[in-house]
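Welcome! Please take a look at the protein below, and then we will walk through some of its features together.

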Amino acid sequence: MTDTTHTQPIPPGRAARQRSPEFRFAADTLRGLRQDLFHDAFAYRPLPPTEPGGRFTRHGSEHMKEYGAWAPHAAVVALAGLAMFVALVSTDGAGLAALLCALLAGTPVLLTLVRPVGAFWVSLTANTVALVLTGGSGESPWPPGGFLAHLAVVTVVAVRTRPRTAAWMWLLTAVYGFLADGLFGWSEDFGYGSDLGALLFFAGVALLTVAVRQTLRQARREVSVHQTVTAHERSRRTLLEERTTIARELHDVVAHHMSVVAIQAEAAPYRVENPPPELEKAFATIRENAVAALTELRRVLGVVRAQDYEAPDAPQPTLADLDALLANVRDAGLEVTRTVTGAVRELPQGVELSAYRIVQEALSNTLRHAPGADARVEIGYVLGGLGLRVVNGAPPAPSLVKPSPGAGHGITGMRERVSMLDGEMTAGPTAEGGYEVAVFLPVPAAAPVEGEA
């Protein structure tokens with residue numbers, strides 16, 4: 001029995017995908033070289049000033065900090081000037097050739113301020129022109145000025161780019177040096193008198209130092225980001241755990257007391273023989289408030305404890321329910337009046353609910369912080385929205401008012417509701433010794449229906 005194997009031709013696209021790992025590595029390497037040193041090599045990338053809080057802007061006066069932001073630029077200009085000076089001295093500082101060699105040494109260094117990658121190629125080109133102008137006299141393949149200039153260029157470019165670019169620059173510098181040494185080295189022994197080895201050594205040390213420094217800075221930056229995120233998540237988790245604990249403790253304490261209040265209010269009329277109707281009504285009101293508070297407390301605790309909690313179908317209160325609210329606070333001993341101006345109309349549910357809660361919280365603060373004072377609720381329906389004003393007078397006996405441990409939380413809640421609706425709110429004491437809360441809740445005008453005038 002004979003096995004026959006049929007080999008089918010591989011499509012060209014699949015063959016390209018099935019290249020060897022060596023081929024893919026070489027392709028990725030050439031792609032990285034093209035991306036780092038050829039793609040947009042002469043793109044305009046100006047060196048930005050040092051950020052506030054940096055090494056040169058951390059200390060000193062404001063004037064010194066302003067100038068310190070440009071310290072890296074000054075350092076690059078100083079390196080360019082030093083390279084030009086060395087080029088002039090090495091060519092005896094006379095003649096047009098000396099001046100051109102100085103310009104060829106300083107120009108690439110200055111170019112690193114605006115076109116860093118392009119400055120590397122300009123440095124190699126300028127060094128070649130300098131070798132032609134000097135006729136091969138002196139060191140080869142790097143004249144003294146070009147030596148210092150190219151070392152400064154590769155260092156600055158490495159600082160402004162990434163470590164992989166630094167590695168490519170060092171390798172291309174070595175290739176260029178060997179080619180230039182073969183073309184412009186007039187010594188009989190190849191390599192004798194060449195400064196290529198010295199340049200590669202100093203450039204390697206500088207580029208390695210820059211690469212290590214950048215790697216450490218990137219690592220510190222990533223660690224700092226992770227620490228910030230971790231600290232934020234830990235703080236948020238701790239806050240949620242604390243809120244859950246407080247809610248459970250609050251439920252255990254308040255529910256117990258409110259249950260006792262409700263039971264005692266229901267049983268109190270039976271402890272008195274022939275109680276007056278006013279007393280029975282007062283106890284009935286106390287019991288209803290206690291039961292309502294227990295219901296709201298269980299609802300809030302359900303939201304905290306269960307993620308799949310569904311809100312009850314009971315309607316949320318609106319401004320139409322203010323009569324019941326005002327009657328409730330009057331039964332609690334607060335003299336309150338209400339004034340309504342403008343054309344009463346139905347508002348969006350969110351505005352109605354927020355307005356009701358703001359009035360409720362303002363009146364609760366009056367009961368808590370100004371017992372015995374009177375209050376006034378003003379509601380104004382205007383064209384652009386709804387205006388609310390709740391003001392209370394001074395308490396009859398301010399010295400007997402005890403500070404409330406929850407002072408300020410109600411105002412914060414009101415501000416959050418107003419901010420949610422992009423409204424405006426002011427709250428503060430009045431000249432008469434009372435307190436005033438003024439709120440404006442904008443209501444966008446309804447869009448006109450097509451066909452209407």
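Predicted model: local features only at pLDDT ≥ 70, side-chain atom pairs only at ≥ 80, totals over all residues.

**Nonpolar cores**
- The largest nonpolar core has 40 residues.
- Among the residues with the most contacts inside this core are Leu 37, Val 109, Trp 142 and Tyr 176.
- Several helices give two or more residues to this core, including helix 2 (21-38), helix 4 (71-90) and helix 9 (196-267).
- Helix 7 provides the largest share of this core, with nine residues.
- There is also a second, separate core of 31 residues, and Leu 334, Leu 363, Val 390 and Leu 441 are included in it.

**Aromatic pairs**
- You can find four aromatic pairs in the structure.
- One of them joins Phe 38 and Trp 121, a tilted pair with 5.1 Å centre to centre and 45 degrees between the planes.
- This pair links distant parts of the chain, as Phe 38 sits in helix 2 and Trp 121 in helix 6, 83 residues apart.
- Phe 38 is partly exposed, with a relative accessible area of 47%, and Trp 121 also counts as partly exposed, at 22%.
- Trp 142 and Tyr 176 form another tilted pair, with 5.3 Å centre to centre and 55 degrees between the planes.
- Here Trp 142 belongs to the loop between helix 6 and helix 7, while Tyr 176 belongs to helix 8, 34 residues apart.
- Both Trp 142 and Tyr 176 are buried.
- Besides Trp 142, Tyr 176 touches Leu 124, Asn 127, Thr 128 and Leu 131.
- Ring pairs also join Phe 38, Phe 120 and Trp 121 into a cluster.

- Leu 96, Leu 99, Leu 100, Leu 103, Val 129 and Leu 133 make a nonpolar surface patch of about 500 Å².
- Helix 5 (95-111) and helix 6 (116-134) each supply at least two of the patch residues, and helix 5 gives the largest share, four residues.
- Leu 103, found in helix 5, is partly exposed because its relative accessible area is 42%, between the limits of 20% and 50%.

- Most residues other than glycine have a negative phi.
- Asp 422 has a positive phi, near 60 degrees.
- Where is Asp 422? Asp 422 lies in the loop between helix 13 (409-420) and strand 4 (424-429).
- Asp 422 is exposed, with a relative accessible area of 66%.

Definitions and conventions: Residues numbered from 1 in each chain as written. Heavy atoms only, no water. Patch = residues over 30% accessible without salt bridge, like charges linked within 9 Å, V, L, I, M, F, W, Y side chains within 5 Å. Areas by Shrake-Rupley, 256 points an atom, 1.4 Å probe, with all protein chains shown as cover. Salt bridge = Lys/Arg side-chain N within 4 Å of Asp/Glu carboxyl O. Buried < 20%, exposed > 50% of the residue type's maximum accessible area, 1.4 Å probe, protein only. Core = buried A, V, L, I, M, F, W, Y, C linked by side-chain atoms within 4.5 Å. Contact = heavy atoms within 4.5 Å. Phe/Tyr/Trp six-rings, centres within 6.5 Å; stacked < 30°, edge-to-face > 60°. Lists of a residue's contacts leave out its neighbours within four places in sequence.
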